[in-house]
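Thank you all for making time this morning.

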Amino acid sequence: MRDSLIIIAFFIAGIILGVTGFLPFDKAGSDIAMYALYALIFSVGFSVGNNPDILRSFRRLNPRLALLPVMTVLGTLAASSLLGLLLPHRTVSETMAVASGFAYYSLSSVLITEYIGPELGTVALISNIVREFITLVAAPLLVRWFGTLAAIASGGATTMDVTLPAIVRATGEKYAVLSMYHGFVVDFTVPFLVTFFCSL
């Protein structure tokens, strides 16, 4: 929860600095966001490759539970497509691009900003931060109301890192491997799905 609040604080500080013009920034020809994105993707790949226990744990998963990330992706995309039909100023592909972030706000918001523009990129950032925040705060309620797997599905791509402690506290340690597997698979889909829906 503290990490999410820090992210929100930095986001608000960035808005204030941008609006006031306190920091000089040449928007034209600036690739700083993409370089930051490359560094982020590299660090995620490095952390996965540096932890052989993750790959070993995946092999012990129940085959039926291995479909959980697929269901998370399909459920999220189905809900976001319905939302796209209801919102007058947004297309279905735009709402699906935002939802395809699966709480991976640092990646999805940068991609959407680059492909579509800063307005939808900001929507993606806030939407995906809220998804992570709900999982962090409401994981025990999600387990009580909808079952154990609901807390994991809610966390999207963050279930292998940021929301993992909250999920394990709510579901029990036996679901830690499933949570890590779920986050790994969903995380992998984010750049492909976001760029696909942005290009429609």
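In which sense, left-handed or right-handed, does α5 pass α7 in their crossing? The crossing of α5 and α7 is right-handed, where right-handed means that the near helix is turned clockwise from the far one by less than a right angle, and left-handed means that it is turned anticlockwise. The contact itself is made by Glu-94, Val-98 and Ala-99 on the α5 side, and by Leu-120, Val-123, Ala-124, Ser-127, Asn-128 and Arg-131 on the α7 side, with contact taken as heavy atoms within 4.5 Å. By residue class, this contact of α5 with α7 divides into five nonpolar, two polar and two charged; here Ala, Val, Leu, Ile, Met, Phe, Trp, Tyr, Cys and Pro count as nonpolar, Asp, Glu, Lys and Arg as charged, and the others, Gly among them, as polar.

Before I go further, please keep in mind that this is a predicted model, in which local features need pLDDT of at least 70 and side-chain atom pairs count only at pLDDT 80 or more, while totals for chains, interfaces and linings use all residues. Residues are numbered from 1 along each chain as its sequence is written, and side-chain values use heavy atoms, with hydrogens and water left out.

As for the chain as a whole, it has 10 helices and zero strands, these being DSSP runs numbered from the N terminus, with at least four residues of H or I for a helix and at least two of E for a strand. Of its 200 residues, 40% count as buried, which is to say under 20% relative accessible area, whereas exposed is over 50% and partly exposed lies in between, with a 1.4 Å probe and protein chains only. The chain exposes about 11,600 Å², and carbon and sulfur atoms supply 70% of that area, as computed by the Shrake-Rupley method with a 1.4 Å probe. Among contacts with a separation of 6 or more, 71% come from residues 24 or more positions apart.

Let me return to the helix pairs. Two packed helices are described by the angle between their axes and the distance between the axes. For α5 and α7, which spans residues 118-146, the angle is about 45° and the axes are 9 Å apart, the axes being lines fitted to C-alpha atoms, for helices over the stretch in contact, with angles from 0 to 180 degrees between N-to-C directions. These two helices are therefore oblique to each other, since angles under 35 degrees count as roughly parallel, over 145 as roughly antiparallel, 65 to 115 as roughly perpendicular and the rest as oblique.

The second pair is α6 and α10, covering residues 176-198, whose axes come within 10 Å and cross at roughly 25°, so that α6 and α10 are roughly parallel to each other. Their crossing is right-handed. Here Leu-107, Ser-108, Leu-111, Ile-112 and Tyr-115 of α6 meet Val-190, Pro-191, Val-194, Thr-195 and Cys-198 of α10, and the residues of this contact divide into eight nonpolar, two polar and no charged.

Within α6, which runs over residues 105-115, the buried residues are Tyr-105, Leu-107, Ser-108, Ser-109, Val-110, Leu-111 and Ile-112. After α6 comes Gly-117, with a positive phi near 145°.

Now to some individual residues.

Most residues other than glycine have a negative phi. In the loop between α5 and α6 we find Phe-102, whose phi is positive, near 50°, and Ala-103, whose phi is also positive, near 75°. Phe-102 counts as buried at 0% relative accessibility, and Ala-103 counts as buried at 1%.

Phe-102 also leads us to Thr-72, which touches Phe-102, Arg-131, Ala-153 and His-182, again not counting residues up to four places away in sequence. Thr-72 lies in helix α4, residues 68-86, and counts as buried at 6% relative accessibility.

Finally, Gly-172, in the loop between α9 and α10, is partly exposed, with a relative accessible area of 25%. Gly-172 and Thr-148 are 24 residues apart in sequence, and 9.2 Å apart in space from C-alpha to C-alpha.
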